[in-house]
Amino acid sequence: MAASSHSLASSACFSTTPARKFSGSDRFQLAKSILCRKIPGFSGSVVCARRICSNYASSGDQSNYGKKLMDSIFVACASVALSFSLYIADVDPASAFVVTSPRKLQTDELATVRLFQENTPSVVYITNLASRQDMFTLDVFEVPQGSGSGFVWDKNGNIVTNYHVIRGASDLRVTLADQTTYDAKVVGFDQDKDVAVLHIDAPKDKLRPIPIGVSADLLVGQKVFAIGNPFGLDHTLTTGVISGLRREINSAATGRPIQDVIQTDAAINPGNSGGPLLDSSGNLIGINTAIYSPSGASSGVGFSIPVDTVSGIVDQLVQFGKVTRPILGIKFAPDQSVEQLGVTGVLVLDAPPNGPAGKAGLLPTKRDSYGRLILGDIITSINGKKVSNGTDLYRILDQCKVGEKVIVEVLRGDQKEKIPVLLEPKPEES
């Protein structure tokens, strides 16, 4: 019994060497080396144990009883010394001799972690503040009316986000990844494409521009990553794949269609609007702008404005403060109204005389002296491209430039006519 206990204690205390049998003198020297350790607060016990060992050494008693007694003392003292050592070292007894292997991540997991760590400093939190007046004291104060995400575009302090994130704001604040906050000024915005650019006066060493990618060569099924800062507390990461390409959504501000939108199943929840959509290399491929969900939570159908569209808009906003997009200068009837007439095209309701269409001679809808409705021109094509509805009209105009002359084919009564129209820039908006 004593021998087995001795072997167990030896293997537990010195697990790196195989168990072996010790002679009486070996056990004595081993116990003495353990008991001679300086253990604060237990000097009395150590002295007592030393006396027992000294008496044993001087007596020279090698009887069987003495051996058993010494074995018992050795096991007891070794256990006490080991317990005290663990207590002083503040080590969890349950794991004192448990060797745990380090956490191992798969290659794709490591790549995702690295992508998040490298791009998080580029994502910011935007607070939309509105001025309110106290009805009793008439004091003016600011209250948060919305928030969203954005990202650093360049070292000059330009921040890109969605227009609907900053819409109606009297003041804006941008919080960087290190939780420093700066007042932001609006450089410019494009309501039709839901893009806005802000500027902050932050030190360049705190600004980490996001890598700009390309969206023209995207493929359905490739991995994408959405980073946002929805509540200003910490960044979030969601992953998914590209579910569809060349989708079309309408701008929340103007209703004008946004073409070539990226559809993804990566979760885009409220507060993530304006954040970046990245490819597996960590390059920007889109701005997260909308979700399709009646409840307002992510339902696996999110949309992002492609970076190729965003780049051209941001360049114009930074350089000119506005986007020079061509217009015809007309107001047209809803598509459903035209369908009820049994024709295909865009019915002109109004064409102001100072607008491009009015100058070219397009006829608006009006009433005669008896109150009867006289339909205006119905646009059926532009530059030979068929126009079936308002979406087609916008899509064709987006491919044109300011100052370009286009041939507008209209249905006037029972006759078709081709009218040249010189496109003009969209008027400035406040």
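This is a predicted model: local features need pLDDT of at least 70, side-chain atom pairs count only at pLDDT 80 or more; totals for chains, interfaces and linings use all residues.
Is threonine 161 buried or exposed? Threonine 161 is buried, with a relative accessible area of 0%.

**Threonine 161 and its surroundings**

- Threonine 161 belongs to strand β3, which covers residues 158-161.
- Its side chain reaches the backbone oxygen of serine 149 at 2.8 Å.
- Leaving aside residues up to four places away in sequence, threonine 161 touches Ile126, Ser149, Gly150, Ile166, Asp194, Val195, Ala196, Ser273 and Gly274.

- Histidine 199 is found in strand β6, made up of residues 195-200.
- With a relative accessibility of 25%, histidine 199 counts as partly exposed, because the buried class is kept for values under 20% and the exposed class for values over 50%.
- A polar atom of the histidine 199 side chain lies 2.9 Å from the backbone oxygen of asparagine 156.
- Not counting residues up to four places away in sequence, histidine 199 touches Asn156, Gly157, Asn158, Asp183, Ala184, Lys185 and Val187.
- Histidine 199 and valine 160 are 39 residues apart along the chain, and their C-alpha atoms are separated by 8.9 Å.

**Helix α5**

- Helix α5 runs over residues 107-119, which makes 13 residues.
- Which residues of α5 are buried? They are Thr112, Leu115 and Asn119. Seen down the axis of α5, these buried residues fall within an arc of 65 degrees, so they line one face of the helix.
- Thr107 and Gln117 are exposed residues on the face of α5 turned away from its buried side.

**Strands β9 and β12**

- Strand β12 covers residues 302-306. Five of its five residues are buried, so β12 is largely enclosed by the rest of the structure.
- Strand β9, residues 257-264, pairs with β12 in the antiparallel sense over three bridges.
- Serine 304 in β12 is the bridge partner of isoleucine 262.

- Aspartate 260 sits in strand β9. Its phi is positive, at about 60 degrees, although it is not a glycine.
- The relative accessible area of aspartate 260 is 45%, so this residue is partly exposed.
- Where is glutamine 179? Glutamine 179 lies in the loop between β4 (171-175) and β5 (181-190).
- The phi of glutamine 179 is near 70 degrees, a positive value in a residue other than glycine.
- Glutamine 179 counts as partly exposed, at 44% relative accessibility.

**Aromatic pairs**

- A pair of aromatic rings is described by the distance of the centres and the angle of the planes.
- With ring centres required to lie within 6.5 Å, the count comes to three aromatic pairs. One of them joins phenylalanine 151 and tryptophan 153, with 6.5 Å centre to centre and 40 degrees between the planes, and this pair is tilted.
- Phenylalanine 151 counts as buried, at 0% relative accessibility. Tryptophan 153 also counts as buried, at 14%.

Technical notes. Residues are numbered from 1 along each chain as its sequence is written. Side-chain values use heavy atoms; hydrogens and water are left out. Helices (H or I, at least four residues) and strands (E, at least two) are DSSP runs, numbered from the N terminus. The expected span of a helix is 1.5 Å times one less than its number of residues. Buried means under 20% relative accessible area, exposed over 50%, partly exposed in between (1.4 Å probe, protein chains only). The arc is that of the directions from the helix axis to the C-beta atoms. Two strands pair if DSSP finds at least two bridges between them. A polar contact is a pair of N or O atoms within 3.5 Å; within protein, one must be able to donate a hydrogen and the other to accept it, and residues adjacent in sequence count only if both atoms are side-chain atoms. Contact means heavy atoms within 4.5 Å. Rings of Phe, Tyr and Trp (its six-membered ring) pair if their centres lie within 6.5 Å; planes under 30 degrees apart count as stacked, over 60 as edge-to-face and the rest as tilted.
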